[in-house]
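Please look through this model with me.

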Amino acid sequence: MINNKLKSKLLLALFTASSCLCLNADIVKLKPNRDYIVTETRPNNIVLVDAKEQKIVNNCKIDESFSPGGIVLAPDNRHAFILGGYGEEIAGYNITTCKKVFHANLTQGDIKGQSLAGLAVSEDSKKVYAIYNRTKLGIDRYTVLDPMFSSFNVVDGLNAKATISFKIPRQMTLMSVAKDGTIYAIGSALYKINPKTKDVKVVKKILNWGKKNYSDPDSAGNYIIGQQQGDFSTLYYTEKYNKNGEAIGWYWGVTSVDLNTNKVEQFEFTDYETLMFAIMRSPKNRNIAYGTLNDLTKFDLKNKKVLKRVILDHTYYSPAISPDGTKVYLGNCLNDIAIYDAKTLKKLGNVYLPGDMGSAALQVFHNK
């Protein structure tokens with residue numbers, strides 16, 4: 001029995017040999033009425049997967065070094081934008097031709113700019129948004145500066161400069177864009193960002209939320225998922241107290257935005273029974289959600305129930321759901337995507353990739 005590492009090397013060799021014609025072709029034609037998955041792997045790949053056939057159909061070699069691994073698919077479903085160069089660079093590639101169409105550097109002069117996962121694309125696919133930290137590199141000291149939001153025009157190509165930049169609060173990590181163009185960002189709070197007015201508004205508090213009979217929550221948002229399915233959700237956990245101030249248990253909660261309607265919700269939905277790193281709500285039923293790390297758990301959010309839980313072959317840091325809500329794809333760790341039936345959580349297969357995914361999440365779209 002071959003282990004996963006050997007299997008990965010064999011598959012990579014086979015894929016490299018068999019994909020030469022594909023990579024040299026002018027265009028990889030996407031089949032109609034089919035789901036595709038886009039992600040990034042080490043050392044420098046943007047990978048396109050046919051979800052139905054469970055196989056790689058394109059592998060674009062990128063110029064930027066793999067780190068931190070942030071990738072977001074533009075709503076046109078043809079261009080993927082990545083954070084590379086240890087978070088200092090943004091690049092955009094056509095996923096069917098592998099043509100590089102965009103590049104910008106967040107570092108300018110002696111001001112180093114770096115982003116972990118703060119990348120999003122406008123609904124018309126014409127603008128790239130970034131949130132990033134900045135440090136002034138002096139001869140004898142580093143000076144921490146205010147973090148920044150910047151907007152770039154995709155049409156500016158391979159030497160793009162920010163057209164709009166302004167300071168933002170600290171600790172923002174993720175962004176997403178609603179169907180009406182509203183930009184949401186999350187970190188120590190859920191924010192709404194308006195590039196035209198440069199206004200940053202708190203939509204929902206997370207840290208220092210002041211919720212009676214609850215501790216301050218701890219929350220983390222590191223994985224770019226959900227824009228294709230209209231969901232922008234991050235987990236938090238909090239401790240609850242009775243009327244005497246005695247602790248009575250820990251609970252998972254979710255802060256989320258329905259990107260189709262801009263409805264914002266924040267509520268607890270289950271006991272802290274298992275550790276999760278990310279959650280995503282079903283595009284067909286927002287009362288159903290899937291959380292993952294070492295297990296995959298299906299939740300009924302409305303009735304606060306665990307519907308099913310299955311143990312995974314290995315850790316997967318983030319889920320993605322097919323647009324029709326029938327499949328759950330797991331990724332963000334090692335070199336494979338695991339596929340599960342969304343109704344039963346029965347495992348349907350794996351797709352092995354040419355390299356470790358690191359912190360690159362899955363972007364899933366339906367080609368009509």
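The numbered points below go from the sheet to single residues.

1. A caution to begin with: this is a predicted model. Read every point below with that in mind.

2. Take the sheet. Four strands make an open sheet in the order β17-β18-β19-β20. Their pairing is antiparallel. At the edges lie β17 (218-220) and β20 (263-271), and each of these pairs on one side only. From one strand to the next, the twist averages 25 degrees.

3. Now look at one pair of strands. β19 covers residues 247-258 and pairs with β20. The pairing is antiparallel and runs over 8 bridges. For a landmark, find Val257, which stands opposite Val264 in β20.

4. Next, Thr234. Find this residue in strand β18, which spans residues 231-241. Is Thr234 buried or exposed? Thr234 counts as buried because its relative accessible area is 4%, and buried means under 20%.

5. What does Thr234 touch, leaving aside its neighbours within four places in sequence? The contacts are Leu174, Ile186, Ser219, Ala220, Gly221, Gly253, Val254 and Thr255.

6. Last, the surface. Trp250, Tyr272, Leu275 and Phe277 make a nonpolar surface patch of about 370 Å². One of them, Leu275, sits in the loop between β20 and β21 (276-281). Leu275 has a relative accessible area of 40%, so this residue is partly exposed. Partly exposed lies between the buried limit of 20% and the exposed limit of 50%.

Key:
Residues numbered from 1 in each chain as written. Predicted model: local features only at pLDDT ≥ 70, side-chain atom pairs only at ≥ 80, totals over all residues. Heavy atoms only, no water. Helix = DSSP H or I, 4+ residues; strand = E, 2+ residues; numbered from the N terminus. Buried < 20%, exposed > 50% of the residue type's maximum accessible area, 1.4 Å probe, protein only. Contact = heavy atoms within 4.5 Å. Pairing = 2+ DSSP bridges. Axes fitted to C-alpha atoms, helices over the stretch in contact; angles between N-to-C directions. Patch = residues over 30% accessible without salt bridge, like charges linked within 9 Å, V, L, I, M, F, W, Y side chains within 5 Å. Areas by Shrake-Rupley, 256 points an atom, 1.4 Å probe, with all protein chains shown as cover. Salt bridge = Lys/Arg side-chain N within 4 Å of Asp/Glu carboxyl O.
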